[in-house]
Amino acid sequence: MSEYMTLWGVLNEMRLKEELCDVVLRVDEVEFKAHKIILFARSPYFRRWSSSDQTVYTFTNVSPDIMELIIHYIYNQDIRVTTDNVQALLVMANYLLMRDLVHGCYDFLKAYLSPENCLEIWKYADTHSFSELQDQAYAYTLHHFEEVVRSPFSKFLELNVEQLGGMLERDELNVKQEKTAFQAIIKWIAHEPDVRMRHIANLLLKVRLALIDQEYFLENIKTHPLVSSSLECQPIITHTMKTMFHINRVGHNTGCPDPFARPRLPYSILFAISGFGGASPTNVVETYNSRMDSWMCISSREERARAFHGTVFLDGFVYVVGGVDIKESFNTASKFNPLDGTWNEVAPMHFRRCFVSVAMLDGYIYAMGGFDGEEWLNTAERYQPSKNQWSLIPSMHEVRSDASATTVLGKIYICGGYNGNDCLFTAECFDPRYNQWTQIEPMRIQRSGVSVIALNNQVFAIGGFDGAHHLRSVEAYNPRTNSWRMLASMFYKRSNFGVEVMDGRLYVVGGYSSEGTTCNCEYYDEESNDWFHVQDMNIFRSALSCCVISGLPNVTDYTIVYDDFL
């Protein structure tokens with residue numbers, strides 16, 4: 001124990017024994033004896049009275065239990081914050097101007113935010129003018145609006161019309177389908193229909209009605225009793241239908257400035273990083289906005305262009321691992337900070353790895369297999385960001401280059417690839433609890449240049465090259481039954497493409513086929529077992545990798561400026 005900690009421990013013991021105490025903090029009928037110099041050192045509130053002879057401070061805005069915790073913290077810099085005491089602690093810490101404890105309570109409440117309590121915390125922060133916490137709780141509410149509305153324990157139904165309207169008009173409101181905003185209005189009104197029915201038109205103006213499926217609009221909104229019985233709603237309905245007609249006639253939303261057709265900002269952004277943009281690798285990064293079905297190129301200050309690399313998003317950073325340029329395979333890894341757009345190198349791997357498979361599990365980044373420029377590899381290693389260090393793990397059963405990996409239910413699954421002679425059917429999984437690889441049921445189709453991704457606790461193996469043909473086929477592995485099943489095929493044959501899951505949809509972007517490198521994109525909907533077209537990327541690219549980032553406070557840095565787009 002340091003001398004510093006020993007000193008404060010001694011002072012606390014003196015307090016508990018009431019030795020040399022020269023001040024009393026009185027709460028109700030309870031008196032706490034302490035040392036003035038300690039209170040002055042820890043709290044600017046008491047420091048204001050340093051020239052005073054005052055020896056008794058009476059508090060009426062706190063309970064004895066909370067004051068005891070505060071005094072313990074003043075002496076020990078240690079406190080047990082709980083859901084039961086955090087609000088009272090925060091109020092008192094703020095009153096005593098103890099900024100470190102205030103921020104500790106802020107951090108606790110931010111981590112504790114949920115769809116059930118975010119509105120309660122938002123109102124609490126507003127009442128006590130905790131602006132930072134208020135902003136955090138409000139942003140959380142906007143990002144989790146659908147869950148807040150659904151939760152029977154949230155304070156959604158207690159919002160007043162100004163508060164609800166303020167949320168509905170925000171671009172940041174996160175709703176997968178705009179009809180959710182309308183359904184929220186109806187649920188809110190139904191709670192007190194006699195009082196709230198008169199607000200239907202005002203709230204309807206906040207909904208991006210022209211973005212709602214036309215069939216749903218006609219059958220569920222236009223004819224809804226609250227809407228059809230309101231004279232104020234009729235011009236809104238007429239205007240919406242005209243806007244819908246315009247959008248349908250031109251085939252897209254571009255150039256329509258109508259607020260009813262303004263897309264909301266996406267909660268999640270898909271990043272497509274590097275790859276072959278033609279004859280050589282590129283370092284261009286593109287971002288996809290699903291709300292506008294649009295791609296945007298962002299400037300990249302990464303030192304190296306690369307292809308056949310891996311990408312994961314972990315603890316606020318995008319990590320790009322391995323890969324190759326025209327001259328050499330890389331053992332390097334870089335991390336990108338999406339908040340300021342900067343790139344920085346991290347520790348290099350033990351092996352050079354292009355055609356590498358990368359996955360993330362339990363805070364570690366795993367890099368498996370690949371090609372080092374001379375040999376195909378079965379070695380594997382993992383990176384611990386907190387130590388900036390790579391360490392080797394057991395090698396795979398098979399040599400695998402140009403395979404792909406993902407994480408499901410606490411294990412890493414790697415499928416397919418190329419061993420220097422053949423494209424592979426085989427697959428295996430790594431369990432970090434036992435530090436070992438286990439072979440699983442082989443895929444039905446040989447797949448090198450395959451993309452593997454987790455969706456709903458299943459492993460999806462998509463596309464690739466079987467040694468003779470590029471593939472459109474898709475199969476899914478169920479870890480519980482150790483079996484594969486075939487699914488609907490993609491529109492396009494492709495290998496070495498990017499894949500990610502965003503908003504419950506499985507996106508594939510770019511890649512390579514017998515016709516060459518492509519910019520084509522599509523997504524898979526598991527519920528319907530169908531594929532749907534997505535806007536093409538701005539540039540043709542293969543051997544790229546992707547990741548998804550959600551909840552960026554600077555999401556507008558990665559989307560087309562809406563006011564220019566509309």
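I looked up the UniProt annotation "domain: BTB", which comes from an unreviewed entry and covers residues 21-83. UniProt positions follow the numbering used here, feature names are shortened, and annotations may be inferred rather than shown by experiment. I found the end C-alpha atoms of residues 21-83 to be 32 Å apart, and the span to be 38% helix and 22% strand. Helices (H or I, at least four residues) and strands (E, at least two) are DSSP runs, numbered from the N terminus.

Entry, basis. This is a predicted model, in which local features need pLDDT of at least 70 and side-chain atom pairs count only at pLDDT 80 or more, while totals for chains, interfaces and linings use all residues. Residues are numbered from 1 along each chain as its sequence is written, and side-chain values use heavy atoms, with hydrogens and water left out.

Entry, sheet. I traced an open, antiparallel sheet of 4 strands in the order β7-β8-β9-β10. Its edge strands, β7 (310-314) and β10 (342-346), each pair on one side only. Two strands pair if DSSP finds at least two bridges between them. Strand β9 (residues 333-337) is joined to β10 by 5 bridges. Ser 334 has Glu 345 of β10 as its bridge partner.

Entry, helix. Helix α11 (residues 179-191) has 13 residues. Its buried residues (under 20% relative accessible area, 1.4 Å probe, protein chains only) include Phe 182, Ile 185 and Trp 188. The buried residues of α11 pack (contact: heavy atoms within 4.5 Å) against several helices, among them α9 (145-150) and α14 (214-221).

Conventions. The expected span of a helix is 1.5 Å times one less than its number of residues. Buried means under 20% relative accessible area, exposed over 50%, partly exposed in between (1.4 Å probe, protein chains only).
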